[in-house]
Amino acid sequence: MELQQALLDQGLRRLAITFVTHAGLPLVKVVPVTQLQVAGRWGVGFSPVSDAFRIDGVIDPGQRLARPDGDLRLLPDLAALRPLEPGSGWAWAPGDRHDRDGQPYPADQRSFCRRQQQALAAQGVELRAGFELEWLVANPGPRGEAHPAMAGGPYGADRLVAALDYAAAITDALDAADLPWLQFHPEYGAGQFELSLAPGDPLAAADQLVAARLLIQRVTARFGWRCSFSPLPAAERVGNGGHVHVSVRCAGLPLLQGGDGPAGLTAAGAGVLGALLEQLPALLPLACPLGVSYRRLGPGRWSAPFQAWGVENREAALRLIPTGGDGAAAHLELKVADLAANPYLLLGALQAVIGDGLAHPRPLPDPVRGDPAALGSAAPARLPEDLGAASAAFAASPLLRQAMGAVLHDTLVDSQQAELRRCAGLDAEALVASTRWLPLGGDPSSG
């Protein structure tokens, strides 16, 4: 009752409760704040079929969850509740799905992330994670094409000035929603922006990403523009990434600095990097879940498509950023990820691999220097070049299947295969167009 009254006193009248599907779609149900106690105890109903939705919302009949039976309860995590848009009375909370008997639903993505976080904490391991978001701001053309909404060069102050009201509205909305952010700036591509969120524990980092995307979508629409988080909104332009930054401590000590390894890596930190490097192909369909994701991952596109690590190397899939004079903790950047990823699945899987790397260290090769594509026969292996190969690597990973459990793992394979079926027969232009207006999807004239 105290929380409910506090929200009402702040003018918050409605609570949006979200979860993110296997396909990366955020779904929602809304309850009045006056029903907070009931929703917090019993949740709201949601059919398990929602994880059979493809990115375009079509239910794929090959997904084993594509059935009318059953019901789940979506319970808001009230500890993570925050204002979404306080001026219009909206609050937001991420939700966890449970079976009707109150047990966690085995295919729930957020519960998986929480379990991995708890497992690491039991070993004295603490992760901090934060996301970078890149998106295109554009006006749709008559055929659904994207025309950048403002002028200005790569990383240009001229673009910031052209979009100063937009930048102020985005950052004001983040502040009003209590979403901590570190940086906002124009990105390389025309009409493209980037936002870096402050790090938090993995569950909080994933929650912050979901809320930030909703706010960016809302603010962009207010200006009469559309935003796209698609990995590749236009074939001739740069893509949008969703890079993940991770730092690791064990028994209070940082593992990525203070050691005798390259750039100060400790032996345990090298084991973590070795495990991540080994599992990168299996992690890839969680980081890059769409068919179009793999058109972004190409040599020379600054998308890090090689199974390699490097120190401050932006063309290595795993970039180690050492501690510097500012005292910031050394951390890793997973550069291949894009914003089609379900952040709970991605961070849950990264935690599982990191825990395994601490328990069973792998040897770590030397860091790659320079552009891996220019190394000829000495170049590291390419990561899977299409979703089919990446899905096969994921399906074959006993580590991820054990961490996730059979229900979550196997239904994710189903969803990856559903995306492959969706993309079958689409030429390059049609493939890009089919996901251009993520998160909304489809023809912008119908939105």
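**Group meeting: a walk through the predicted model**

Let's start at E2, which sits in helix α1. Helices here are DSSP runs of H or I with at least four residues, strands are runs of E with at least two, and both are numbered from the N terminus. This is a predicted model, where local features need pLDDT of at least 70 and side-chain atom pairs count only at pLDDT 80 or more, while totals for chains, interfaces and linings use all residues. Residues are numbered from 1 along each chain as its sequence is written, and side-chain values use heavy atoms, with hydrogens and water left out.

Back to E2. E2 is exposed, at a relative accessible area of 73%. The cut-offs: buried is under 20% relative accessible area, exposed is over 50%, and partly exposed is in between, with a 1.4 Å probe and protein chains only. From E2 to A162 is 160 residues along the chain, and their C-alpha atoms are 45 Å apart.

Now the rest of helix α1, residues 2–9. Which of its residues are buried? They are Q4, L7 and L8. These residues cover an arc of only 100° around the axis, so they sit on the same side of α1. The arc is that of the directions from the helix axis to the C-beta atoms. E2 and D9 are exposed on the other side. The buried residues of α1 pack against α2, residues 36–42. Contact, throughout, means heavy atoms within 4.5 Å. Just after α1 comes G11, with a positive phi of about 85°.

Next, the whole chain. The count is 13 helices and 16 strands. The radius of gyration is 21 Å, close to the 22 Å that the globule rule gives for 447 residues, so the chain is as compact as a globular protein of that length. That radius is taken over C-alpha atoms, and the rule is 2.2 Å times the number of residues to the power 0.38. Along the principal axes, the C-alpha atoms fill a box of roughly 60 × 50 × 50 Å. Of the 447 residues, 57% are buried. Take the contacts with a separation of 6 or more: 69% of them join residues 24 or more positions apart. The chain exposes about 17600 Å², and carbon and sulfur atoms supply 55% of that. Those areas come from the Shrake-Rupley method with a 1.4 Å probe; for residues, only the protein chains shown count as cover.

On to the inside. In soluble globular proteins, nonpolar side chains tend to be buried together. A nonpolar core here is a set of buried Ala, Val, Leu, Ile, Met, Phe, Trp, Tyr and Cys residues joined through side-chain atoms within 4.5 Å. The largest core has 99 residues, and W135, Y166, L334 and V336 touch the most other members. Helix α7, residues 267–287, gives this core its largest share, twelve residues. A second, separate core has 27 residues, including L8, V31, C423 and V432. What does V336 touch, beyond residues up to four places away in sequence? Its partners are L284, A287, C288, R296, L297, S303, A304, A317 and L383.

Y166 takes us to helix α5, where Y166, A167, I170, T171, A173 and L174 are buried. Seen down the axis, they fall within an arc of 155°, so they line one face of α5. Their cover includes β7 (125–140), α4 (157–162), β9 (181–186), β10 (192–197) and α6 (202–222). Helix α5 has 13 residues, 164–176, and at 1.5 Å a residue it should span 18 Å; its end C-alpha atoms are 18 Å apart, which agrees. The expected span is 1.5 Å times one less than the number of residues. After α5 comes D178, with a positive phi near 55°.

Most residues other than glycine have a negative phi, and most peptide bonds are trans. Two loop residues to look at, then. A251 is not a glycine, yet its phi is positive, about 55°. A251 lies in the loop between β12 (244–250) and β13 (253–254), and counts as exposed at 68% relative accessibility. E312 also has a positive phi, near 55°. E312 is in the loop between β14 (309–311) and β15 (318–321), and counts as partly exposed at 37% relative accessibility.

Last stop: T435, in the segment after α13, residues 428–434. Is T435 buried or exposed? Buried, with a relative accessible area of 1%. Leaving aside neighbours within four places in sequence, T435 contacts I55, S230, L290, V292 and R422.
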